[in-house]
Amino acid sequence: MTDPAQLQAGPAAPGPERVAVYPGSFDPLTNGHVDIILRGARLFDRIVVAILVNPEKTPLFTIDERIDMARAVFCGEPRVEVEAFGGLLVDYARRRKAAVIVRGLRAVSDFEYEFQMALMNRRLVPDIETVFMMPAEAYTYTSSRLIREIFALGGSISGLVPEIVEGRLRKKFAGR
Ligand code: PNS
């Protein structure tokens, strides 16, 4: 058991880098994702935005386009890294020496799916912890799926995605 005296000790001695991975499809990156990533960057030494390469899905943006947009958004943030990953998330997290998987929780409706994934990932690798973070209220109803749908149907998504993403969406749909 932890000795309570240890809990009252001063700041911890500098240890190994605390790495978290923030996985997802990010098709496209929204301001809700950006909010979570910046919160994560305050908690961890490094937060790796891990974009899933899923051969079974046809995304709106290619993996290279999604990486490129996310890197452009976080180019001034040394704690944020953007990378593609494939295969099992826990295997990737282990390769990146991450002890934490970050996921955003917007509403109760997210909970069931997230709970199932977190417990399954824990069963696979017990020492990787899933940490849930809530975005600012303004983004609790934002999702990549709704962004794609609203934009495709001519609605405004202004303020819900980074400017570079809005520009790329415009270009993508201009040719359709
Ligand atoms: O943002 P999304 O699309 O909801 O993210 C889902 C993601 C990428 C976190 C999930 O599909 C995933 O981890 N895929 C990698 C394969 C894997 O590890 N599957 C088992 C999850 S318990």
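Across which strands does helix H3 lie, and at about what angle does this helix run to E3? In this predicted model, helix H3, spanning residues 63-73, lies across E2 and E3, and its direction is at about 175° to that of E3.

Those two strands belong to an open sheet, so let us walk through it next. The sheet has five strands with parallel pairing, in the order E3-E2-E1-E4-E5. Strands E3 and E5 are its edges, each pairing on one side only. On average, neighbouring strands of the sheet are turned by 30° against each other, direction ignored.

Here are some of the elements to look for on your screen:

| Element | Residues |
|---|---|
| Strand E1 | 19-24 |
| Strand E2 | 46-52 |
| Strand E3 | 80-85 |
| Strand E5 | 129-133 |

Strands E1 and E2 pair in the parallel sense over six bridges.

Now for a single side chain. Glu-114 sits in helix H5, which covers residues 108-124. Is Glu-114 buried or exposed? Its relative accessible area is 5%, and because that falls under 20%, Glu-114 counts as buried. The side chain of Glu-114 makes a polar contact with the side chain of Arg-103, at 2.8 Å. Leaving aside neighbours within four places in sequence, Glu-114 is in contact with Arg-103, Gly-104, Leu-105 and Phe-132.

Key: Residues are numbered from 1 along each chain as its sequence is written. This is a predicted model: local features need pLDDT of at least 70, side-chain atom pairs count only at pLDDT 80 or more; totals for chains, interfaces and linings use all residues. Side-chain values use heavy atoms; hydrogens and water are left out. Two strands pair if DSSP finds at least two bridges between them. Helices (H or I, at least four residues) and strands (E, at least two) are DSSP runs, numbered from the N terminus. Axes are lines fitted to C-alpha atoms, for helices over the stretch in contact, and angles run from 0 to 180 degrees between N-to-C directions. Contact means heavy atoms within 4.5 Å. Buried means under 20% relative accessible area, exposed over 50%, partly exposed in between (1.4 Å probe, protein chains only). A polar contact is a pair of N or O atoms within 3.5 Å; within protein, one must be able to donate a hydrogen and the other to accept it, and residues adjacent in sequence count only if both atoms are side-chain atoms.
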